[in-house]
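Please look through the structure below before reading on.

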Amino acid sequence: MIRSVITGTGSALPAKCVATATPDHTFPATATQVQAALGCGGGVAFDVQAVCSGFLYALATADSLLRTGMATKALVIGSETFSRILDWDDRTTCVLFGDGAGAVVLEAQDVAADGPGILASRLHADGQHKDMLYVDGGPSTTGTVGKLRMKGREVFRHAVVNLASVLKEVLEESGTSAADIDWVVPHQANARILDATARKLDLPAEKVVVTVDRHANTSAASVPLALDTAMRDGRIKPGDLVMFEAMGGGFTWGASLARM
């Protein structure tokens, strides 16, 4: 079967997808600038804007391109400069967020049923809660960049419920159980959300990769940064079953399960 395998390397990259809520320009897409900088023309290049869920949205989109044969390799990037949109007088938000970037390379490979690759993904959105986490500006409204605004308590409540629900969906689709998971690589929102989500699924805390104390909340960059940290220090190894999950403003949320 054809699956999107996280390889970490690649030369010809016909698909470039950048997840970001803080692009360099209103347009063109940051992905086209990455394409030019890397000298890998051709194929498609586009941005995805789902805030903290952006990397999961981009990963699932690239996976779909590879599964349908529209591309053979894809570069998926999560990148943010949240320091540009923080209100430094609002201590309830400015101390939580950071800047960062991370990436993975996906490659379509014919693998065995128990081989590596992305096994299942689920994405969701609910725009009725957009006023709980948003930026109060934009080129078509105020003409300014705006600043980040958040109702932390309400976001926490929705995050725990939504993340636990989507994780269960992915487990059911892939025919696995929470006990099968070797590692959870979550969006690094805050430690309370990470702990509460793990408890809802009866996942031991030691299986959750936590980097929020080192990187802060870097929005779309947090999942690839946490993945890189856990791979570099040897925690995540080939063959491990890894769950990615995230929730962001919008609200948007999602999860992906991959065999490394």
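C52 is buried, with a relative accessible area of 5%; buried means under 20% relative accessible area, exposed over 50%, and partly exposed in between, with a 1.4 Å probe and protein chains only. The model is predicted, and local features need pLDDT of at least 70, side-chain atom pairs count only at pLDDT 80 or more, and totals for chains, interfaces and linings use all residues. Residues are numbered from 1 along each chain as its sequence is written, and side-chain values use heavy atoms, with hydrogens and water left out.

The sulfur of C52 lies 16 Å from the closest cysteine sulfur, in C94, which is too far for a bond. A disulfide is a pair of cysteine sulfur atoms within 2.5 Å. By this rule there are zero disulfides. C17 is in no disulfide, and the nearest cysteine sulfur, that of C40, is 13 Å away. C17 is also buried, at a relative accessible area of 3%.

T218 sits in the loop between α5 (212–215) and α6 (222–232). Helices (H or I, at least four residues) and strands (E, at least two) are DSSP runs, numbered from the N terminus. Although T218 is in a loop, this residue is buried, with a relative accessible area of 0%. Its side chain reaches the backbone nitrogen of S222 at 3.1 Å. Leaving aside residues up to four places away in sequence, T218 touches E80, G98, D99, G100 and L225, where contact means heavy atoms within 4.5 Å.

In soluble globular proteins, nonpolar side chains tend to be buried together. A nonpolar core is a set of buried Ala, Val, Leu, Ile, Met, Phe, Trp, Tyr and Cys residues joined through side-chain atoms within 4.5 Å. The largest one here has 34 residues, and M243 and F251 have the most contacts inside it. At least two residues of this core come from each of α3 (152–174), α4 (191–200), β10 (241–248) and β11 (252–259). The most is given by α3, with seven residues. Apart from this core lies another, of 33 residues, among them A15, L56, A58 and A74.

The protein chain has six helices and 11 strands. Along its principal axes, the C-alpha trace spans about 55 × 45 × 35 Å. Buried residues make up 50% of the 260 residues in the chain. Among contacts between residues at least 6 apart in sequence, 72% join residues at least 24 apart.

Conventions
A polar contact is a pair of N or O atoms within 3.5 Å; within protein, one must be able to donate a hydrogen and the other to accept it, and residues adjacent in sequence count only if both atoms are side-chain atoms.
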